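Visitor: Hi! Could you walk me through this structure?
Guide: Happy to, let's have a look together.

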2 protein chains.
Amino acid sequence: MPKNPPRPPGPPPRPRPALDEVDRLLVAELLRDGRAPNTALARAAGIAESTCLARVRALRERGIVTGVSAEVDLARLGLPVQAMVAVRFSGHLRADVDAFAEEVSALPGVVATYNISGANDFLVHVAAPSPEHLRDFVLDNLTGRPGVVQAETSLVFHVRRGTDVLST
Amino acid sequence: MPKNPPRPPGPPPRPRPALDEVDRLLVAELLRDGRAPNTALARAAGIAESTCLARVRALRERGIVTGVSAEVDLARLGLPVQAMVAVRFSGHLRADVDAFAEEVSALPGVVATYNISGANDFLVHVAAPSPEHLRDFVLDNLTGRPGVVQAETSLVFHVRRGTDVLST
DNA sequence: TATGAAAGCTACTATAG
DNA sequence: CTATAGTAGCTTTCATA
């Protein structure tokens, strides 16, 4: 087994070679349409279908594309009330913080949890069938939880996904 | 052409028949895996493939499933810094609010915008290559915008998607 | 790695029960 | 809603460069 050559001083090498133009294009395309067939992706990227398939598979294996998910209209699914609940902790023990994120994310109605810096420790994005359900959710699952000092609820009127995240 | 029978008094009819168990199961499955093949969906729902195909198509046509998108690891795409920026408006003219959401959502690096109630009017979820880029983004695109009074940035340490949104 | 071609699946339509 | 069968289009493998 050949030994790795000694490394020159300077910035550490990237374990993964950086994404090239083609990879970025494929990711952008998959963000736009997660069901885009391999043939369409290959055409868009100007590469052979077999190559394209290998690229996309590599993107998944490298953890760059972590999954594909349907986007749904929560209101039409019977959850017309959305809220962002800002939650403040007292102790900030790592175990508490981790447990909170994990347990809350598994609760029915939770769209996502954001662990953030600042006065509040978490934003919990929730969807509910009615204001009453929302209130019950917050009182039963957030306010009452050990370590939680405060929970401030803001209604979400409208969510709009970014259309061009990657171009930075 | 037969006339519709007179309607009994009571709650108005739903223009769309409410989703049944099967529809909910299909949506849940598509949230889990947006690329699930029709055969798998049919098996999971215990219905014929032709029926399943029609159901899924109907879900799209009714605007319940609005699209399918890849989920990506922004850090591995070169955007390791995420933030939630709380933006406060002055005038609250509808035109300003709408324009803000639309324009900001199209900016590179913007993951999503949330129009909310409360002291702040918007949460802008941003991803950036570095803290400096983030700072520039906020100053150039948010703070400087007409109508914006304040922009308070919180770093996002970790995002976790809900695993069971629909069970409510 | 990238490729073209061949083989096997899958989606979708149509038809009939 | 289910079942079946047929076609077009898609995914995937593999030999090859």
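This is a predicted model: local features need pLDDT of at least 70, side-chain atom pairs count only at pLDDT 80 or more; totals for chains, interfaces and linings use all residues.

Visitor: Okay, how many residues does the contact take from chain B and from chain A?
Guide: Chain B gives 61 residues and chain A gives 62 residues, with contact meaning heavy atoms within 4.5 Å.

Visitor: And what area do chain B and chain A bury between them?
Guide: About 5500 Å², with 55% of it on carbon and sulfur atoms. Buried area is the accessible area (1.4 Å probe) that two parts lose on being put together, summed over both. In chain B, the residues that lose the most area to chain A are B:Arg35, B:Leu77 and B:Arg160, together 13% of what that side buries.

Visitor: How many salt bridges cross that interface?
Guide: The rule finds 0 between chain B and chain A; it asks for a side-chain nitrogen of Lys or Arg within 4 Å of a carboxyl oxygen of Asp or Glu.

Visitor: Which strand pairs with E3(B)?
Guide: Strand E5 (residues 148–161) of chain A does, in the antiparallel sense over 5 bridges. Strands are DSSP runs of E with at least two residues, helices are runs of H or I with at least four, and both are numbered from the N terminus. Two strands pair if DSSP finds at least two bridges between them.

Visitor: What stands opposite B:Thr113 in E3(B)?
Guide: That's A:Arg160.

Visitor: Switching to the DNA, which residues surround DNA strand C?
Guide: Among them are A:Ile47, A:Ala48, A:Arg55, B:Asn38, B:Thr39 and B:Arg57. A residue is near a strand if one of its heavy atoms lies within 4 Å of it.

Visitor: What part of the DNA do they meet?
Guide: Of the atoms of DNA strand C within 4 Å of the protein, 66% belong to sugar or phosphate and the rest to bases.

Visitor: How far is a phosphate oxygen from a polar backbone atom of B:Asn38?
Guide: The distance is 2.7 Å. For B:Thr39, a polar backbone atom is 3.4 Å from a phosphate oxygen of DNA strand C.

Visitor: Which element gives the most to the surface near DNA strand C?
Guide: H3(A), with 3 residues.

Note on methods:
Residues are numbered from 1 along each chain as its sequence is written. Chains are lettered from A and ligands numbered from 1 in the order in which they are written. Side-chain values use heavy atoms; hydrogens and water are left out. A polar contact is a pair of N or O atoms within 3.5 Å; within protein, one must be able to donate a hydrogen and the other to accept it, and residues adjacent in sequence count only if both atoms are side-chain atoms.
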